[in-house]
Amino acid sequence: MSSSRHIAVLAFPFGSHAGPLLSLVRQIAKAVPDVIFSFMTTARSSGIIFSQDYNGGPHNIKPYNVDDGLPDGYVPSGNPVEPVELFVKAAPENFTKAVEKVEAETGLKIGCLISDAFFWFAGDMAEKMTVPWVALWTAAPRSVLVHVDTDAIRQALQATNESGKEDQKLDFLPEFSAFQKSDLPEGVDVVGRPESPFEDLLHKMGNKLPQANAVAINSFKELDPEIGKQLNARLKKFLNVGPFTLTSPSSIKPDEHGCLEWLNKHEPNSVVYVSFGSVITPPPHEISALADALEESEFPFLWSFRGNVEEFLPKGFIEKTSGKGKLVPWAPQVQVLEHESVGAFLTHCGWNSISESMRGGVPMICRPFFGDQKLNMRTVEAVWGIGVGVEGGVITKNGAIKAMQQIFLGEGKKMRERLGVLKKLALEAVQPNGSTTRDFSTLVEIINQL
Ligand SMILES: O=c1ccn([C@@H]2O[C@H](COP(=O)(O)OP(=O)(O)O[C@H]3O[C@H](CO)[C@@H](O)[C@H](O)[C@H]3O)[C@@H](O)[C@H]2O)c(=O)[nH]1
């Protein structure tokens with residue numbers, strides 16, 4: 001290795017986290033070609049992101065495996081949260097060891113840590129190593145703000161809790177008048193019970209991020225400027241370096257199941273695309289209600305379906321709907337959302353899905369499940385006006401039909417106009433003089449100081 005500058009990148013290996021971090025690091029690595037990046041994630045995650053999205057470059061990024069924290073001979077219990085919690089518990093020690101090992105193996109001291117924002121302990125590691133720490137929040141600005149403000153929110157909720165009311169308005173927070181306590185990620189409002197390991201991680205993260213040299217985000221400044229101002233006031237440097245779907249578009253994914261060809265056969269703005277991201281499968285009663293709604297409604301559908309079709313879908317559903325619907329195990333989502341025949345997106349409101357829907361100009365029907373997703377839904381619905389939540393928060397046959405009609409026969413046109421405005425702002429942000437490009441240059445300057 002001819003370079004003597006070396007950065008460790010600490011990735012969170014679950015959900016859609018490591019891929020966006022790799023997108024950002026690829027951009028940075030191109031801007032500082034003489035710096036070596038050791039990209040640390042589990043072997044499983046590395047196998048996925050480096051084979052699917054990497055395309056062989058840039059060559060100054062080296063994958064480096066970190067232990068997954070599972071005990072020897074671990075047999076999955078069936079609880080999907082268990083491996084995440086085991087990883088999280090072991091992560092501070094495992095990443096510390098990995099950093100020491102990679103320094104010894106390469107003979108190159110690490111001069112900076114770039115981590116998923118979840119990793120509050122990267123702040124402690126950086127402090128001990130006396131190097132800068134840059135954190136990437138892979139979701140929206142509003143969700144990172146509520147984590148940074150968790151202690152203040154808990155206090156305010158306790159002070160304003162009129163006679164133990166179940167839900168409370170969050171109007172004591174600037175720019176949250178349309179939001180309620182139930183929209184917050186689990187654990188932000190927790191008082192009087194122990195936090196789960198993940199809630200504890202997020203709480204510690206919120207308290208630690210103000211120490212980071214920079215917090216970067218997969219968003220653009222003009223999307224949520226008022227929330228951005230609040231984050232500017234709390235963080236040393238808050239940098240909007242997205243949306244990655246425009247700054248670092250992933251390679252064209254193969255369309256293994258013929259989704260695009262099928263979409264070609266449909267009228268513009270006529271199809272509902274259904275996907276709940278890479279982690280979630282809705283509970284059986286909601287899947288079955290959605291299947292009934294799709295069968296009964298007049299709208300064609302493309303459903304990216306995770307899980308066993310035989311087990312979860314009503315008997316005969318595929319045969320009965322074959323004339324108007326298509327079910328696939330995985331869709332090339334970015335291209336699907338760009339296709340002119342897609343007129344609505346039923347989504348769990350993961351941040352990448354929302355970003356991609358904005359890029360494609362597709363109004364959303366929202367059924368959020370956990371974490372940042374409820375805040376995202378309320379923002380889509382009440383702040384940006386580019387989608388609707390499903391009635392009652394869970395999918396029922398009538399609620400799903402009503403939401404589809406609302407988009408296709410009612411408010412969809414207005415929503416598409418608003419989406420057009422947001423897309424124009426995003427495209428401007430990534431131009432050479434745009435806000436994203438400027439924030440990215442600031443990030444590179446910070447990294448170049450090592
Ligand atoms: O058939 C499919 C289904 C999904 N995707 C892709 O998978 C990603 C899904 O990402 P996202 O919408 O962010 O959902 P999750 O994978 O669930 O993301 C996790 O990470 C996000 C970013 O931090 C959070 O916002 C979410 O709440 C969290 O669940 C997107 O890029 C999609 O394009 C496909 O390409 N094809």
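This is a predicted model: local features need pLDDT of at least 70, side-chain atom pairs count only at pLDDT 80 or more; totals for chains, interfaces and linings use all residues.
## Domain arrangement

The protein is divided into two parts, with domain 1 made up of residues 5–186 + 197–242 + 432–448 and domain 2 of residues 259–428. Taken over C-alpha atoms, the centres of domain 1 and domain 2 are separated by 28 Å.

## The interface between the domains

Contact between the domains involves 24 residues of domain 1 and 21 residues of domain 2. The size of an interface is often expressed as the accessible area lost when the parts come together. Between domain 1 and domain 2 the buried area is about 1900 Å², and carbon and sulfur atoms give 61% of that area. On the side of domain 1, Asp 183, Phe 220 and Leu 223 supply 27% of the area buried against domain 2, which is more than any other three residues supply.

The rule finds 1 salt bridge across this interface, and 7 residue pairs are in polar contact across it. Helix 5 (residues 141–148) provides 3 residues to the side of domain 1 that touches domain 2, the largest share of that side. The residues on this side of domain 1 divide into 11 nonpolar, 8 polar and 5 charged.

## Buried helices and residues

Helix 15 (residues 351–360) is mostly covered, with 9 of its 10 residues buried; among them are Trp 351, Ile 354, Met 358 and Arg 359. The residue that follows helix 15 is Gly 361, whose phi is positive, near 70 degrees. In helix 6 (residues 150–160) the buried residues are Thr 150, Ile 153, Arg 154, Ala 156 and Leu 157, and what covers them includes helix 5 and helix 7 (197–208).

Val 99, which lies in helix 3 (residues 81–106), has a relative accessible area of 3% and therefore counts as buried, the cut-off being under 20%. Leaving aside residues up to four places away in sequence, Val 99 touches Ala 8, Met 40, Ile 110, Leu 113, Met 125 and Met 129.

## Salt bridges

A search of the whole structure finds 20 salt bridges. One of them joins the side chains of Asp 224 and Arg 142 (3.9 Å, N to O). Asp 224 lies in the loop between strand 6 (214–217) and helix 8 (225–234) and Arg 142 lies in helix 5, so this pair ties together parts that are 82 residues apart in sequence. Both partners count as buried, Asp 224 at 9% relative accessibility and Arg 142 at 3%. The side chains of Lys 181 and Asp 189 also meet in a salt bridge (3.9 Å, N to O), in which Lys 181 is buried at a relative accessible area of 18% and Asp 189 is partly exposed at 26%.

A further salt bridge brings together the side chains of Glu 338 and Arg 359 (3.2 Å, N to O). This pair links distant parts of the chain, with Glu 338 in helix 14 and Arg 359 in helix 15, 21 residues apart; Glu 338 is partly exposed, with a relative accessible area of 37%. Elsewhere, salt bridges that share partners join Asp 183, Arg 378 and Glu 381 into one network, and within that network the side chains of Arg 378 and Asp 183 meet at 2.9 Å, N to O.

Notes
Residues are numbered from 1 along each chain as its sequence is written. Side-chain values use heavy atoms; hydrogens and water are left out. Domain bounds come from an automatic or database domain assignment. Contact means heavy atoms within 4.5 Å. Buried area is the accessible area (1.4 Å probe) that two parts lose on being put together, summed over both. A salt bridge is a side-chain nitrogen of Lys or Arg within 4 Å of a carboxyl oxygen of Asp or Glu. A polar contact is a pair of N or O atoms within 3.5 Å; within protein, one must be able to donate a hydrogen and the other to accept it, and residues adjacent in sequence count only if both atoms are side-chain atoms. Helices (H or I, at least four residues) and strands (E, at least two) are DSSP runs, numbered from the N terminus. Ala, Val, Leu, Ile, Met, Phe, Trp, Tyr, Cys and Pro count as nonpolar, Asp, Glu, Lys and Arg as charged, and the others, Gly among them, as polar. Buried means under 20% relative accessible area, exposed over 50%, partly exposed in between (1.4 Å probe, protein chains only).
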